[in-house]
Amino acid sequence: KKLKKFGKRVENVTLKKAMKKALKIFKKPIRKHTPKDRGLLRKSLATRALRARTNFGNELFGNVYYRHKDPYRAFHSHLVEYGTKAHFIKNFFGRKGVSVRVGGQKGIRMGNRGFDGKKRLVVNAFKRELRQEVRRVGTL
């Protein structure tokens, strides 16, 4: 209610700021459980807060995800997270008629480990940050 009197733009910015700060609680443990080979996967971890119009009105969404664009490309994040099955590669390295069996890899489930038991913490952090932002905006 207090946010609405400041205008739509201020409301959106304030809500997004509070959501981004709350999402950091999820980001830390996910980053900790992400394997570090060259560090690209860890560096590609990012958070995003969106305001979208749905059937229920304007809603705020937040997510933690692995970037697939520059500067930290992590196209392999889904393979590390969920694993792969054992399979055959036909024409191995361009050699016709040669097929090689490749063993699968078990998934690490970094996201699940990061989200376990943290929902209440994030909701409380969001409320706290929102209160602080409203106070800050109110004094401007």
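Predicted model: local features only at pLDDT ≥ 70, side-chain atom pairs only at ≥ 80, totals over all residues.

Q: How far apart are the end C-alpha atoms of helix α5?
A: They're 31 Å apart. That agrees with the 30 Å you'd expect, because α5 has 21 residues (119-139) at 1.5 Å a residue.

Q: Which residues of α5 are buried?
A: Val-122, Ala-125, Phe-126, Glu-129, Leu-130, Glu-133, Val-134 and Val-137.

Q: And what covers them?
A: The cover includes α1 (8-33) and β2 (57-66).

Q: Switching topic: how many salt bridges does the structure hold?
A: Four. One of them joins the side chains of Glu-11 and Arg-51, at 3.7 Å from N to O. Glu-11 sits in helix α1 and Arg-51 in strand β1 (residues 45-54), so that pair links parts of the chain 40 residues apart.

Q: Is Glu-11 buried or exposed?
A: Buried, with a relative accessible area of 11%. Arg-51 is partly exposed, at 25%.

Q: What does Lys-21 pair with?
A: Lys-21 forms a salt bridge with Glu-129, with the closest N and O atoms 3.7 Å apart. That links helix α1 to helix α5 across 108 residues. Lys-21 also bridges to Glu-133, at 3.6 Å, and those two are 112 residues apart in the chain.

Q: Which residues are in the salt-bridge network?
A: Lys-21, Glu-129, Glu-133 and Arg-136 are linked in it.

Note on methods:
Residues numbered from 1 in each chain as written. Heavy atoms only, no water. Helix = DSSP H or I, 4+ residues; strand = E, 2+ residues; numbered from the N terminus. Expected span 1.5 Å × (residues − 1). Buried < 20%, exposed > 50% of the residue type's maximum accessible area, 1.4 Å probe, protein only. Contact = heavy atoms within 4.5 Å.
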